[in-house]
Structure formats: structure tokens, C-alpha cells
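Please look over the structure below before reading the briefing that accompanies it.

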Protein chains: 2
Amino acid sequence: MTGKLVVIGLGPGNGNQVTPEALAAVESSEDFFGYIPYLDRLSLGPHQRRHASDNREEISRAEQALTLAAEGGNVCVVSGGDPGVFAMAAAICEAIENGPLEWRDIDFSVVPGVTAMLAVAAKAGAPLGHDFCAISLSDNLKPWGIIEKRLIAAAEAGFVMAFYNPVSKARPHQLSTAFDLLRKHLPGSVPVIFGRAAGRVDERIRVVPLSEASSDMADMATCIIVGSVETRLIARSGKEPIVYSPRFSKRES
Amino acid sequence: MTGKLVVIGLGPGNGNQVTPEALAAVESSEDFFGYIPYLDRLSLGPHQRRHASDNREEISRAEQALTLAAEGGNVCVVSGGDPGVFAMAAAICEAIENGPLEWRDIDFSVVPGVTAMLAVAAKAGAPLGHDFCAISLSDNLKPWGIIEKRLIAAAEAGFVMAFYNPVSKARPHQLSTAFDLLRKHLPGSVPVIFGRAAGRVDERIRVVPLSEASSDMADMATCIIVGSVETRLIARSGKEPIVYSPRFSKRES
């Protein structure tokens, strides 16, 4: 008997940003797989089981979850943010493709969520109001050369950029390298937003010009948005400025 | 007396994808501005007022909403999806920047939501599992040359792409032009997902290779995801294939 596996996203961390669809998936599941702090956000009943694992164990977590689902389990894999953006949905797909054929028969679904860049953008104004891209700065999974190529392409084509996984203990210097590279391709006045725990009580949103952006302004849980040359600041007295990217573009190609 | 203005996103259309935060903003507001079908999704009480407008009136809608908020109103501007992604948040910011200085004193906030590409991606698997970009194909607000430049940059740098506003009655041919252009820069085998009304009863998700992608597969309400050269299909018997972009990249820069 083949079971089901649903991958859900809990949003950036504020319980008010979890969708009813994600909560319903939690209620109807029995076995929960995920990174410890995400599982800690669930209110589980006595018939529901936690299978917590560490942050860097995505593939073994995916394989355990699929094994249980293939045996008839009623499995929920839990991500923060949106599960399809640099999170567990792709790891599950990868495990399905490389695993036993019967894993393809599992009733597999994905429940979307509010991904970090949307929550950070909302706190700053509307920096993602025009064309934008999302880049993971982790080179655990791809060569750093590709990341540099994408940063340059995005800067030159006028995309606003959101960075996920900007730094980690194992990768303290890459964000500095990325900022240095971008300073060669964008004016120093371009606003950079460092957003941490958007929507939570410990929220920290900071806006600096690219010329002053520095890697020590970020940690693993920070989502960074780098404006384009068209991104604007609206000054306000007694309040943080609003950052937005106009819907229109006056630039010629 | 200065009032407040909150811009909310209702998600892609399924009521189960509206966050509690957005519902709370609706409950605590009195005047609602938005495109008619978005306002139709709200359950308003007798003390709450609708100010519906047509789709292409973003700036006049923004100005009316800000005028009322500046007079002390308790205003909610309603978007589908996420309000910061090709939606009302940037239009409000633009109006604030160009409007009277007192508009900067309005208590302005943005409530994020599940944007269309996340809902469409969830239905297909995990096509946004690796670096990606979001591009509005409407040239109402920017020269078509910029759009072409961004399409080529994204294809060559290996970004998955999500297209918003892919076609309209006034712009029937641009999506064909975009596909023709991409076929010069990407293999014809790259999967293209046409997602309409993801999560609603009338949902329609269709996956075709880029070589067969055609503009008559989309309408104004379709969100399109174009894979990268690394995006993969997992065949399943009796079910639609899963589409995903692996978290890792084997390409060298």
C-alpha cells in the first residue's frame, strides 16, 4: 500500500503567515520530517510523530520520508518559507528521481508558502515591484563561478536580486566577494536590504547603500535584497525610508 | 489626523492560501480599494466600504486610497497573489513619492502573500528549486527591448524564469516573440509550465517542451515557468510528470 507525502511551507516565521492549507496538511498527517526549528513551530497531537534532523541532511531526510510514505505512511515534510524555493521540495523530487520506481506512485504534493524575500520586501516597501531574481549564494551545491556569472548577468540586465543562504560558518567570505563584485557593476547608491526574522518579534530590517554593504550585516537566517539602478528610496521624517522598485522602466535596452 | 493604509495579498485565488495576517488586516480596515475580482473575494461587513476599479487603473486607485488615508481613513488596498510582485504595493509607493508630503506620514504597511509562481511551481513539483527570476512581459510599463535583453540574460545565465502578465488583448504577440527568442538560447527540450488558477477548482496546469510552447496556451491570468537546461521531468505512470530544478548544479561557469 502506497501512502502520501506532502511538502509544506510554514512561511517566514510568524504564525500569522501560515496558510490554512498548510495547517490542514499538518492536521491530516502523522509523520513529520524536517529541520528541528521548523518542527518546533508545529502543534502536534499525541498520534503525530516528529522525525527531526539537522539542517544539512536534506537528502537523507527526503529518503527517510519517502521510504515511510512508500510503506503506506501519511507523511509531511516541513520547510520554512516556501518549500519550492531553495528548500525541501526539490530535495524530495531529486530523491524520487534517483530512488526505487515505487516512489513515483506515492501521492506527492506541495503546499506553497510565503517565501522570505516576499516578507522582507513587504517590510521595506516594494523593492520586488519590478523584474527580479532569487539566487542562493551557497556554493555547497554549485560552483562559485556560476554564482558570479549570475550576479553579473542580473546586475547588467537590471534585475533586483534576492539572496538566500548568504553566509554560513563554513562560508564567511562569499557575501563580501559578492558585494565587491556587484560594486563593479552597479552604482554604490543602490539600496541593499538586510532582512532577518521578518514579521517576528525579533525582526531586524536594515537598509544601506551598496557602497556600505558588508557581510557582517548578515547571518544564515538573513534574506538580502539588492536593488537595481531604478530602485528608489522615499525619505520619511521619524520613520525608516520606503524602498521600492517602480513598475515602469525608463531605461532603453 | 492621518490614517493608515495597508496593502494586502490574497494569494492566487484559493481561500485556503490566504494568510491569517491578511484576514486580520481586512477585519480591521474600513475602506477597500482594488480590482473588482479581488474585492469580490472579501467577506465585508456592513460598516466596510468597497471602492472597486478596473484592472489598468493602478495609479488613480493608489491616489484615491492615499487621499482617503491622509484624511484619517482606515484603508486596505487589495491585490491577488503577493502585493509586492507586479502588483499594488509598488503603485502605492510611486504615488507616495510623487504625491503631497503628508502622504509620507500615513501609517503604511504591506502584508505579503503567496505569489502566483509559487502556487504554479507547487502544482508542478519544484521547478523553482534553483536560482530563478520573475519577469513581467507587459511592455505597457517598459520598452520591449529591455524585456528581450532580460530574457536572453536569464537564459544564458541559467535562471529558471517565471513570466507574469504574459499576454493581454492589447498584446497578443509578445509571448510568441518571447518563446521564439528563447528557442534561440535554450534547448527545445526545456520544460515550460502554463499554470492558470493554481489551487482553484478551475485549475489548469500544462507542461510542454519549449519547442512546442505557444502563446495560445496562455491568457492574462496564466503564470508561465520556463525551466533552465538543468530542469528535469520525472515520468510517472498514470500521472502527470513531476517537474523540478535540482538544488545542485553540475555546470561550470
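Predicted model: local features only at pLDDT ≥ 70, side-chain atom pairs only at ≥ 80, totals over all residues.

Residues are numbered from 1 along each chain as its sequence is written, chains are lettered from A and ligands numbered from 1 in the order in which they are written, and side-chain values use heavy atoms, with hydrogens and water left out.

**Interface of chain A and chain B**

- Chain A and chain B each bring 74 residues to the contact, where contact means heavy atoms within 4.5 Å.
- About 6500 Å² is buried between the two chains, 59% of it on carbon and sulfur atoms; buried area is the accessible area (1.4 Å probe) that two parts lose on being put together, summed over both.
- On the chain B side, B:L141, B:R150 and B:R247 account for 12% of the area buried against chain A, more than any other three residues.
- Eight salt bridges are found across this interface, a salt bridge being a side-chain nitrogen of Lys or Arg within 4 Å of a carboxyl oxygen of Asp or Glu.
- The side chains of A:D131 and B:K142 form a salt bridge, with N to O at 2.4 Å.

**Strands** (DSSP runs of E, at least two residues, numbered from the N terminus; two strands pair if DSSP finds at least two bridges between them)

- Strand β7 of chain A and strand β7 of chain B, residues 132-136 in each, run antiparallel and are joined by three bridges, with A:C133 having B:C133 as its bridge partner.
- Within chain A, strand β12 (residues 232-236) pairs with β13(A) in the antiparallel sense over four bridges, and A:L233 is partnered there by A:V243.
- Strand β6 (residues 125-126) of chain A runs parallel to strand β13 (residues 239-244) of chain A, joined by two bridges, and A:A126 stands opposite A:Y244.

**Domains of chain A**

- Chain A is divided into domain 1 (4-114) and domain 2 (117-244), with bounds that come from an automatic or database domain assignment.
- The C-alpha centres of the two domains lie 28 Å apart, and ten residues of domain 1 are in contact with 13 residues of domain 2.
- Between them the domains of chain A bury about 780 Å², 62% of it on carbon and sulfur atoms.
- In domain 1, A:P12, A:R56 and A:F86 lose the most area to domain 2, together 51% of what that side buries.
- The count of salt bridges between domain 1 and domain 2 of chain A is zero.
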